[in-house]
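Good morning, and thank you for making time for this presentation. I would ask you to look at the sequence and the structure together as I speak.

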Amino acid sequence: MAGAAPAGAAGGKGAEHVGKLTVEIGWDASRQEVVVREHCAYTLAPGSQALAQWRERGDGLCDGYTLSQDGDFPEIDGWDDPTYAVTQESPRSPARVETELAYYLARRSGPQELSIAVDMASVLLPAPEGIPRVWTAEVRAPRWSFSELRGPVESQSPGRVTWKVTVSPLDEPGVTHSVRLRRTVETTKPPMVRRQTWAEVVTAFGLAVCGIGVVAALLVARLVEPGVRRRWMTATLAPAVAAYPLAAFGVPMPPWLSDLMTLPWGVGPRPDTSAVWSPPPVLGLWLWYVLPVAGWWFSRRLVTRRPPSSLVLVVSGATPLLVLPLLAAGGVIPRPAMWPILAALGVVALATALTLRRRGGPARRWSASAGTLLWIIAVLYWLGHAPPMFADSQRAIDRGATAMLICTWPAAAWITSLLGPALGRTLRPVADVGCFVGLWALLLSPFLVAHTVEPTPRGFDPWDDYRSPFFTGYTGFPYCVVVVCGVILQLVYLARLGGLGDRGRAVEPIGRVLLVCGALTALGVPSLRTLQVWGIALAVLWAALGSLLLIPLGSDATAAKFRRVGRAAHARFMGRWVRAQLLWDTRADFQRAARSSLAEDMPISDFSSRWEQLDVPGRYGDPATRLGRAKRFALGSSAGAAPWTAGSAGAGLAQLLALPWAAYKLLTAEPVGSDGFMPFRLQEMSEALRFAHWALYGFVFGYFYVLLRGHTPIAKAAALMAVVLPAEVLAMIPLTVDPQFTRNPSWNDMVVACGGLAGQTFVVCMGLGLVWEWWLARAAALKWSQVRNFRRLSSITVPLGTVLVAAATAFATVVAGAWAQQELQPPPGTPSSSPAAPVQPGQPGR
């Protein structure tokens, strides 16, 4: 990093004027950062060209040293406004120029190493007339150790070294004087710089894929017959597991002869661990062709109860080959040795199909599908190495646009095929084709527009990101379309079954999928960029695993009796429980009051008779067990409300309870993981998803209430909070303390943000539980006080705690916002000291 320190002192008659450059390395305790202060002082002759130039420009000449940090360019966290002072007693007297500047290096904890190299000649030789040719360069660094001093030293003392530099026009530039400084500092604030490693990014992606794969496998298992569930779970998890090595090991060098780019045939090395991960094209083809094709076949199997037809298999397997003539027209052809390999792949796929066909049973029925899928995987892995899939030249981009059209239609076909099962009826062919074309166009709309708009000849062109190869990018628009369409399809399916007594076999796992969707949209539009953020990846994995605790496996069967409870039955159950609770409390009061009566005149027979009469009704178990069973039947149903009605009420209530925090984040937070240029209202869509994702949690609570773990509304709300709270906090932590994803990491910001988020989650979940308890009492024509005794401390703890936490969260949100505006204003000339704001993952942390 070139230093900014003036250089100069004017030459004068009869005496040699010497300029002085002082570089002081210090420590700013408040910022916990290394501060570099520069001071320059020199004299200019009254009629010199340098003085005239200074008066015209208003700043001093200052470029005589370079600074490196740990052998690399330093990361600058901010700087103070430079100050310039000129003193001239009269028009004929020399002018004294002094310049001061301070800038701050990004915070790092541990050993620090700085290298300062003084090279005045490179600056002074082209400088205007009047700048001194003799300089004193001084480096001050108290508490730093000096080593590797180079150049003739004029003086040296602890924490200081001085050189005298004389420059003449005949000297060659590049004569340097340098010193290396070392010091170990420990900070209590998070570092300002961190580089993501390849291993971290790929691991985060693998964890997120693992969570999504688990809930997808459980959903598929419930859609098929019980006898083949394990087989289908394995078949669902296999593509998810395969996505990790495709992301981890990158792409081999392409086996293509091309005039677009020439690369040798061979397997390339694994990317350097210090480099930021970039999605390989093979992974993109896997996500946009292989997985959608497999999903399309499965959805057709749900409708027809048979494997895919021959026409479907031919279309799916032959479409990728259409890329070959396209590439040949662009001058990209496979090497001659690759044609036999392609033929061998076809033979292997055919042999696999024939082998499975001879085994009989289910393997025989699915043999053609297995062989075709193996062929598709092999061909797409081969095509993933073609230059148009990843090259950035204009010709490659043009060919890649057509390849994008050929290899993305399965996603639209898959979503369209799910409309029939979601609606419970088969769509007409015209409607089917219309939905397919509309979804396909919607998925690719930014890319199609980008290839039709003329590139900007100069300056920033916002469409450049969408002209890049489709299968290697982070662009979030297509993923946003897929996630939103998936959520809508799930809600349509649940709406169709929400009024029935039997909610269908797939209802239970859909609740888990919705929880994962809530975690995916907690920060806005989901994309490959968000899945590489370690906090979001852990949040998705936790939501997937936690959903198994919230909605236990097989809970739809154990809770079947609660789904059939109507309004009248609910009133009877509530009456029995209130009566049993009253008898239980009265029995305890009678026991305490009967002690003195028994000692005086109460007959034992009367006591025994009254004691038996106050017993909790029931035949099985002890009184406490019978009371718990009565409470579960009273508070474990939806009081005869249809699941869709209960889910809609829960969604609205959760969004209302989350309104303060959601509105605050809507106004202050920036989108995370979205595109740099977000067309078609993607910015607003990202904000809407982040604002409304709380409604998904409320919908799960209301629709799946009888399936949730716990026997009472408060217990079920606590189970929901145990899943939602860690997921929300995990997604927030990187945006406050990880310099890769925030411009100003701060432990205080993390505590405020995570504390406010935790309080908001507590209010939402406990608010849902309390309102549900009130509704169950009202549905049975009872007062809430008959269900919850507010005279007991244990009964009033949850309502009072919820109110207090809600008030504290609202207060902390307002105070934190005001504090951020007042206390975190950047110092003058320090733009990077503004309040922390998330940046797009994958970009530098500053």
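When I say that residues meet, I mean contact, that is, heavy atoms within 4.5 Å. Please also keep in mind that this is a predicted model.

Let me begin with helix α16, residues 477-497, and helix α27, residues 682-703, whose axes come within 12 Å and cross at roughly 30 degrees. An angle under 35 degrees counts as roughly parallel, and α16 and α27 are therefore roughly parallel to each other. Their crossing is left-handed.

Which residues of α16 meet α27? On the α16 side they are Phe-477, Cys-480, Val-484, Val-487, Leu-491, Leu-494 and Leu-497. Their partners in α27 are Leu-682, Met-685, Leu-689, Leu-696, Phe-699 and Tyr-703. By class, the residues of this contact are 13 nonpolar, with no polar and no charged.

From α16, the residues Val-487, Gln-490, Tyr-493, Leu-494 and Leu-497 take part; from α17, they are Val-507, Ile-510, Val-513, Leu-514 and Cys-517. The contact of α16 with α17 divides into 9 nonpolar residues, 1 polar and no charged.

I turn now to another pair, helix α3, residues 198-223, and helix α4, residues 229-248. Their axes come within 9 Å and cross at roughly 165 degrees, which makes α3 roughly antiparallel to α4. The crossing of α3 and α4 is right-handed. Their contact contains 18 nonpolar, 4 polar and 2 charged residues.

Finally, I come to helix α30, residues 747-779. This helix has 33 residues and spans 47 Å from its first C-alpha to its last, close to the expected 48 Å. What caps the N-terminal end of α30? The cap is Ser-746, with a side-chain oxygen 3.2 Å from the backbone nitrogen of Asn-748. After α30 comes Ala-781, which has a positive phi, near 60 degrees.

Thank you for your attention.

Conventions
Residues are numbered from 1 along each chain as its sequence is written. This is a predicted model: local features need pLDDT of at least 70, side-chain atom pairs count only at pLDDT 80 or more; totals for chains, interfaces and linings use all residues. Side-chain values use heavy atoms; hydrogens and water are left out. Helices (H or I, at least four residues) and strands (E, at least two) are DSSP runs, numbered from the N terminus. The expected span of a helix is 1.5 Å times one less than its number of residues. A polar contact is a pair of N or O atoms within 3.5 Å; within protein, one must be able to donate a hydrogen and the other to accept it, and residues adjacent in sequence count only if both atoms are side-chain atoms. Axes are lines fitted to C-alpha atoms, for helices over the stretch in contact, and angles run from 0 to 180 degrees between N-to-C directions. Angles under 35 degrees count as roughly parallel, over 145 as roughly antiparallel, 65 to 115 as roughly perpendicular and the rest as oblique. A crossing is left-handed if the near helix is turned anticlockwise from the far one by less than a right angle, and right-handed if clockwise. Ala, Val, Leu, Ile, Met, Phe, Trp, Tyr, Cys and Pro count as nonpolar, Asp, Glu, Lys and Arg as charged, and the others, Gly among them, as polar.
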